[in-house]
Every structure is written in C-alpha cells, then in structure tokens.
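Hi everyone, thanks for coming. Today I'd like to walk you through the charged side chains of one protein model.

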Amino acid sequence: FAALLDLEALRPLLVDRRTIESASTYPTIREDLALVVNRDIPAAKVESLLRQAAGPLLTKVELFDLYEGDNVDENQKSLAYHLTYHSRDKTLRDKDAQKARRRILGRLEKEIGARLR
C-alpha cells in the first residue's frame, strides 16, 4: 500500500495548543497553609473556595497532606496546601500574601467552618 498526503490541505484542521510565556523577572512567594475542616467536605471544594478568595495573585495551589488522627477531632481532617503567589507586574511583598491569606481564612471560616491548624 502507498499513500500520498497533502499536508498543507490538513493544516487548517490542526489545532495548535502550545502557548509560550516569557519568563517573569518577578519572584514568587510560596507558603504552606494547613486547615482543619469537617471530614465530609471534599478537598476539591476547599481548593475551589481558596482560589476564589485569594484572587489573581494566587497562581498555584497544591494539596500535599491529608491528616486524620491525633490532635484533630474525630469528625475532622487537616488539609495542607502549598500556595504560590505571583505577579507579572511587580515584586510581591509579604503584606500581599498576608492580605490574600486573611481573605482565604475569612471566607473558608464563614462558608465551611475551616480553621487554621
């Protein structure tokens, strides 16, 4: 068998999914946040609320620990997240991350009763 393909005719059908961003000259701020929530609350819901509350400076959220046991009530669990803050416009300061953290803790406490561990 042999085939002849006209690749130029196929080009409009191809979807280019690559996006390239230039490297930022501004550093990120990383912090860890451990929260105690009711055991029946999914980690995905906590992460969603966390992202909404933090605002655009929060660029990455990574769950790195789920703990149930000593020092945590029987009907609760501890979720620990790595948070990464970044701005493409300026160098962030600790007060920027603190402001986001206050918004996060306030919203999570209000909506799902979360508390800092």
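I'll start with the ground rules, then go through salt bridges and finish with a surface patch.

This is a predicted model, where local features need pLDDT of at least 70 and side-chain atom pairs count only at pLDDT 80 or more, while totals for chains, interfaces and linings use all residues. Residues are numbered from 1 along each chain as its sequence is written, and side-chain values use heavy atoms, leaving out hydrogens and water.

So, how many salt bridges does the structure hold? There are 5, a salt bridge being a side-chain nitrogen of Lys or Arg within 4 Å of a carboxyl oxygen of Asp or Glu.

One of them joins Glu 31 to Arg 101, with the closest N and O atoms 2.7 Å apart. Glu 31 sits in strand β1 and Arg 101 in helix α3, so this pair ties together parts 70 residues apart in sequence. Helices (H or I, at least four residues) and strands (E, at least two) are DSSP runs, numbered from the N terminus. Glu 31 is buried at 12% relative accessible area, whereas Arg 101 is partly exposed at 26%. Buried means under 20%, exposed over 50%, and partly exposed in between, with a 1.4 Å probe and protein chains only.

Next, Arg 51 bridges to Glu 47 at 3.2 Å; both lie in helix α2, 4 residues apart, about one turn.

Finally, Arg 93, Lys 95, Lys 99, Arg 102 and Arg 103 form a positive surface patch. Patch residues have over 30% relative accessible area and no salt bridge, with like charges joined within 9 Å. Lys 95, in helix α3, is exposed at 56%.

Conventions
Patches are made of residues with over 30% relative accessible area and no salt bridge: like charges are joined within 9 Å, nonpolar side chains (Val, Leu, Ile, Met, Phe, Trp, Tyr) within 5 Å. Accessible areas come from the Shrake-Rupley method with a 1.4 Å probe; for residues, only the protein chains shown count as cover. Lys and Arg count as positive and Asp and Glu as negative; His and the chain ends are not counted. The place of a charge is taken as NZ of Lys, CZ of Arg, CG of Asp or CD of Glu.
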